[in-house]
Each structure stands twice: as structure tokens, then as C-alpha cells.
Amino acid sequence: MATKKGDGKSALLQNERLRFIVCFCGVFVCYFYYGILQETITRGEYGHGETKEKFRFATTLVFIQCIINAAFAFALIQFFDRSRHDLTKSWLYGACSLSYLGAMVSSNSALQYVNYPTQVLGKSCKPIPVMILGVTILRKRYPMAKYLCVVLIVTGVALFLYKPNKGAASVDDHLFGFGEMLLLMSLTLDGLTGVAQDHMKARFQTGPYHMMLNVNLWSILVLGLGVLWTGEIWDFLAFTDRYPGIIWNIGLFGLTSALGQTFIFMTVVYFGPLTCSIVTTTRKFFTILGSVLLFGNVMSSMQWVGTVLVFMGLGLDAKYGKGPKKH
């Protein structure tokens, strides 16, 4: 009897569908609040009257985020994964951290030039470079249904978030400015990060907490040298001295990032970078959809079409997108 109970508990923990639901909900909840904090910090105005200032320390913000992430990952290893021996090459972690860092800094810096919905819209296309680079560099083969699911989800998110301005005259003159270039750079680097993570997962069976710890340790080294070389860290400390209230938001920002990144790396290791990018893309969609439903905003016909496309893509991916299992 005891054996059967133990087997049932083990089967429950190994249940792929349950694991996916936990990862998805973890990513959704953590990054919902993370997005609010990110916009509050980077787009808020500090001071009064003529002394108003903007937050200009994207690199230092990511540096602090990586420190909290690494500390959190180290604690997780000590409590849950001490028995695992990590065989992943150090240079792979270093290469992954460079692309990961570049994507994060570019994405945070873009918020100084574009609004948050534009950033979300740009980052919603993340599955495309992940898939393209996975096919071209790793020669990876995805089921044909996976391509259709990605196109449907990305198209649906784009339609949902797109809000045409009134009249052609109101469209920005710089349709593809510096902020958009930063988003394009972030997407490309996201794809390279996915390739590196896919290689680590396939070749070395890298665990989620070890991947999270080592990528963030390399990131701390690179960013630490960067903020010291440019002197940004001292300007940041002076800024927090003038506006100490921001410290609380930055602490929460780092905590939600660490929790969310834990679920991100779990998704990467158990389901692959492409599934992870689909999860994060869908999370952005549901975040916007939730705000519409909670606050009673009216959805346009284009947004309803986008909603249908996203749910259709998710349903098709759940049923047909996994392909044959590899042993």
C-alpha cells in the first residue's frame, strides 16, 4: 500500500502537464508584477518642477537584478539540487550570458524611447528568432504544427496590442527609430540565447538552477566591470540618495525577477527555449487582456480577432505541436 502511494506521488511530480501548468502560472504571476515595476522605475518622473529627472541607469538596474537572481538560484541549489553534478562548459555559460545581458539591457533601454505597449509588442515576436536560429544553427527540426502555432500566437498578440492612431498625420515621423532598433537587437540576442540554452540542455542536461546561477554569475562579472568602467554605478547611487523611495521598487523588481526567472529556466530545461518563448509571449497577451477585462475597457473587433488567434494557437500547440518524443 505504501509503495503504491509513493508511486502515485512520484507520478504526480513527474506529470508533464502539471509541471507545465506550474511553470506557466509562475511566469505569469511573477512577470505581471515585474512589468508594472519595470515601467514604474524606468518611465517614472522623479523630483518636482524644473528638477524633474528620468531614470537613466538601465545597466545598473540589470546588474542588481542579476545579483538577486544569482543569490536566489544559489539558495535553490542548496535546498533542492545539491546532488546534481553540473558538467556544462563554463564558456557556454559565458556566451549565453552575453546574449542574455544584451537582450535585457537593450529591452530596458528601449523604454526610454518607446512606450511600454510598443516594447511588449516588439518582444512578443521572440519565438520567431528563437525558431529561426534553432533551425539554422542547431539544425533543429520542429513539427510543422509548431510553426503554425507560433505564427498564430504572434499574429494574435500583434493584432491585440496594435492600436492605430487617428489619422495618418498622427503616426510618428520616425517609424523605425532608435527605440525600435534596440528592440530588434533584443529580439536577435534572445534568439542567440535560446540557441545556447538549447545546446546546453541537449548536450549536458543542464539543470534549471545551475543554468540560472551560472548565467547570472557571468552577467554580474560583465556588468560589474561595465558599470565601474563607465561610472554609472556612482551616478545611480547619487540618484537613489536623492530619491530613496525607488530602492523599495528596485528590491521588489529584483525579487519578482528572481522568482520569474526560476520558472523561466525550469521551462527552458523541461520544455525547451521555443516553448518558453511561447509561454512568455502568451503571458504578455493575458496581462493586457486581464487589464481590459478588469477595468471594463471596450475591445475592438481587431482585438477580438487577435484573442481568437492566440487561443487557437495555444490549442493547436497543446495537441499537435510537441511532435514525437525522443528517448
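Biologist: Is His199 buried, partly exposed or exposed?

Modeller: In this predicted model, His199 has its place in helix 8. Its relative accessible area is 27%, and since buried means under 20% and exposed over 50%, His199 is partly exposed.

Biologist: What distance separates the C-alpha atoms of His199 and Thr88?

Modeller: Along the chain, His199 and Thr88 are 111 residues apart.

Biologist: How are helix 6 and helix 8 oriented to each other?

Modeller: The axes of helix 6, residues 127–137, and helix 8, residues 178–204, come within 8 Å and cross at roughly 50°. Angles of 65 to 115 degrees count as roughly perpendicular and those under 35 as roughly parallel, so helix 6 and helix 8 are oblique to each other.

Biologist: Which residues of helix 8 make the contact with helix 6?

Modeller: Helix 6 passes helix 8 in a right-handed crossing. From helix 6 the contact draws on Pro129, Val130, Leu133, Gly134 and Ile137, and by class the contact has 7 nonpolar, 3 polar and 1 charged residues. On the side of helix 8, the contact is made by Leu187, Thr188, Asp190, Gly191, Leu192 and Val195.

Biologist: How are helix 2 and helix 11 oriented to each other?

Modeller: Helix 2, residues 16–43, packs against helix 11, residues 246–271, at an angle of about 150° with the axes 8 Å apart, and helix 2 passes helix 11 in a left-handed crossing. The residues of this contact divide into 20 nonpolar, 9 polar and 2 charged. Because angles over 145 degrees count as roughly antiparallel, helix 2 and helix 11 are roughly antiparallel.

Note on methods. Residues are numbered from 1 along each chain as its sequence is written. This is a predicted model: local features need pLDDT of at least 70, side-chain atom pairs count only at pLDDT 80 or more; totals for chains, interfaces and linings use all residues. Side-chain values use heavy atoms; hydrogens and water are left out. Axes are lines fitted to C-alpha atoms, for helices over the stretch in contact, and angles run from 0 to 180 degrees between N-to-C directions. Helices (H or I, at least four residues) and strands (E, at least two) are DSSP runs, numbered from the N terminus. A crossing is left-handed if the near helix is turned anticlockwise from the far one by less than a right angle, and right-handed if clockwise. Contact means heavy atoms within 4.5 Å. Ala, Val, Leu, Ile, Met, Phe, Trp, Tyr, Cys and Pro count as nonpolar, Asp, Glu, Lys and Arg as charged, and the others, Gly among them, as polar. Buried means under 20% relative accessible area, exposed over 50%, partly exposed in between (1.4 Å probe, protein chains only).
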